[in-house]
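Dear colleague,

I am handing over the structure we spoke about, and below it you will find a description of what turned up in it. Please keep the structure open while you read, so that you can look up each residue as it is named.

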Amino acid sequence: MSPKPSLACRHPKVIMIFDNEDDILGAASIIAEQVEDYRTLSASVNIGEKIKELKPSVILFALATVEKSIELYTKVITDKSLDYPHQSILLCKNRESGVAFRCCIKGLFDNYFVYQPLYEKFRLKMIVHNGLLISQTTEQYIGYQEEQLENVDKDLAQLIDDGGACKQSLLNSIDKCKKSLNKSNEAMIEKEVDTKQDTRQLIDKINKQHIEPLLAELECNIKSTLDSMINQLIAKQDGLTDLKEQTSLKNRVQVPDQAKIIEALALTPTQQASHNDAIEQTELKKILVVEDNQIYRNMLVNILKKEQFNVDAADDGLHALKKIKQNNYSLVLMDLFMPNLDGINTTIQIKSASGGKKLPIIALTGNKNKELIKTWAEQGLKGYILKPSSKSEILEAVHRIIN
């Protein structure tokens, strides 16, 4: 694995311009994992001079609104800070995606990506990758290394590889035919043609008799080949959809492994004494964030730390139980669907092991199943934060409970 790139590279090929650092944490981390020469820059008054100095190949505009990004982009072009070929990418909030789409259709930006909420991390990687390809700076991009790609079914992976090879073969064939025909045209023109009028007539004749039929045949081959692969993909997708629909609500909420839970909750006499001492001390504003999505977990931790909270983190329910037995938390923020032990069962175990001491829990969920949320709420939730959520929504819920 390549080392994690710095967000302050001195000679970046990719830069992201932002207003608020908290807003770009997720998107910035994703790009930093894939691009060696990458840097984030605040939209300060001298941003034009910075761009002129660095000359990045790909520029991502992640200002507070699309309007502000348009204004800044127009300004750096107008004042000649951007006077070379580059790829411009607009990052926007979901509510402004329509405006962003219009910007790209009108040719202002080369592409756009909705980064609030941040769902499609692989699409963001693809957009940056394509920008670097177009800019001919692919040697700086490490995102296509096989071990960094998401695991897929073996048959599906082979189908993707075969499809890519097929498409490349057809494109190479087209390119080869064009070059061959161009050489033939040039030879015939030099040998038989003396006037401009005769040249035009000969080219038209070659187009109708050779080029157009050849391209039509190649187009037909491409269509039939790709149709076959698409049908295979649809069949595979239908199979996955049927499997998901057969999974009941009960199966989605994981059955807890009692042995692992007992192990997580078991305290030695020394730990028990230490734990009791901690409870007797003045309560600290210490918060535990339980979330298996690393990007969202890191975002929550950073937001809370900036509010001077003492923040701890866990990536699943079992890990959370182990931390709770050793620490005196004032509040827990917890996701619903997690590996090993989900949010509902973790809440039940915390409640049964608390010895009468109620530990406030705020649910983190993007699930819209009301029955599932009701089941969780019945275990004594103090509130919930609906994902995706803004910084202000997160802090409002936390302050309301912890104060």
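**Helix 15 and what covers it**

In helix 15, the residues Ile394, Leu395, Ala397, Val398 and Ile402 are buried. Seen down the axis of this helix, the buried residues fall within an arc of 160 degrees, so they line one face of it.

**The chain as a whole**

Please bear in mind that this is a predicted model. The protein chain has 15 helices and 10 strands, and 38% of its 403 residues count as buried. Among the contacts in the chain with a separation of 6 or more, 68% are between residues 24 or more positions apart.

**Aromatic rings**

How many aromatic pairs does a search of the whole structure find? The search finds 3. In one of them, the rings of Phe61 and Phe109 have their centres 5.8 Å apart and their planes at 65 degrees, so this pair is edge-to-face. The pair links distant parts of the chain, since Phe61 belongs to strand 3 (residues 58–62) while Phe109 lies in the loop between helix 4 (97–105) and strand 5 (111–116), 48 residues apart. Phe61 is buried, with a relative accessible area of 0%, and Phe109 is buried as well, with a relative accessible area of 2%.

Phe109 also pairs with Tyr73, and here the rings are stacked, at 5.0 Å centre to centre with 25 degrees between the planes. This pair, too, links distant parts of the chain: Tyr73 is in helix 3 (residues 66–78) and Phe109 in the loop between helix 4 and strand 5, 36 residues apart. Both Tyr73 and Phe109 are buried. Taken together, Phe61, Tyr73 and Phe109 form one aromatic cluster.

A ring can also have a charge over it: the charged end of Arg123 sits over the ring of Tyr112, 5.8 Å from the centre of that ring.

At Asp335, UniProt places the feature "modified residue: 4-aspartylphosphate", and the entry is an unreviewed one. Asp335 lies in strand 8. Is this residue buried or exposed? At 5% relative accessibility, Asp335 counts as buried, because buried means under 20%. Leaving aside residues up to four places away in sequence, Asp335 touches Val290, Glu291, Asp292, Gly343, Leu364, Trp376 and Lys387.

Thr346, which is found in helix 13 (residues 343–353), is buried with a relative accessible area of 0%. Again not counting residues up to four places away in sequence, Thr346 touches Gly317, Leu321, Met334, Met338 and Leu341. Thr346 and His319 are 27 residues apart in sequence, and their C-alpha atoms are 10.0 Å apart in space.

**Backbone details in the loops**

A few places in the backbone deserve a look as well. Gln116 and Pro117 are joined by a cis peptide bond, with omega at about 5 degrees, and Pro117 lies in the loop between strand 5 and helix 5 (121–134).

Lys80 has a phi near 70 degrees, a positive value in a residue other than glycine. Lys80 is found in the loop between helix 3 and strand 4 (87–93) and, at 54% relative accessibility, counts as exposed. Phi of Gln308 is near 70 degrees, which is again a positive value in a residue other than glycine. Gln308 lies in the loop between helix 11 and strand 7 (310–314), and Gln308 is exposed, with a relative accessible area of 69%.

With kind regards

Notes: Residues are numbered from 1 along each chain as its sequence is written. This is a predicted model: local features need pLDDT of at least 70, side-chain atom pairs count only at pLDDT 80 or more; totals for chains, interfaces and linings use all residues. Side-chain values use heavy atoms; hydrogens and water are left out. Buried means under 20% relative accessible area, exposed over 50%, partly exposed in between (1.4 Å probe, protein chains only). Helices (H or I, at least four residues) and strands (E, at least two) are DSSP runs, numbered from the N terminus. The arc is that of the directions from the helix axis to the C-beta atoms. Rings of Phe, Tyr and Trp (its six-membered ring) pair if their centres lie within 6.5 Å; planes under 30 degrees apart count as stacked, over 60 as edge-to-face and the rest as tilted. A charge sits over a ring if NZ of Lys or CZ of Arg is within 6 Å of the ring centre and within 35 degrees of the ring normal. UniProt positions are given in the numbering used here, feature names are shortened, and annotations may be inferred rather than shown by experiment. Contact means heavy atoms within 4.5 Å.
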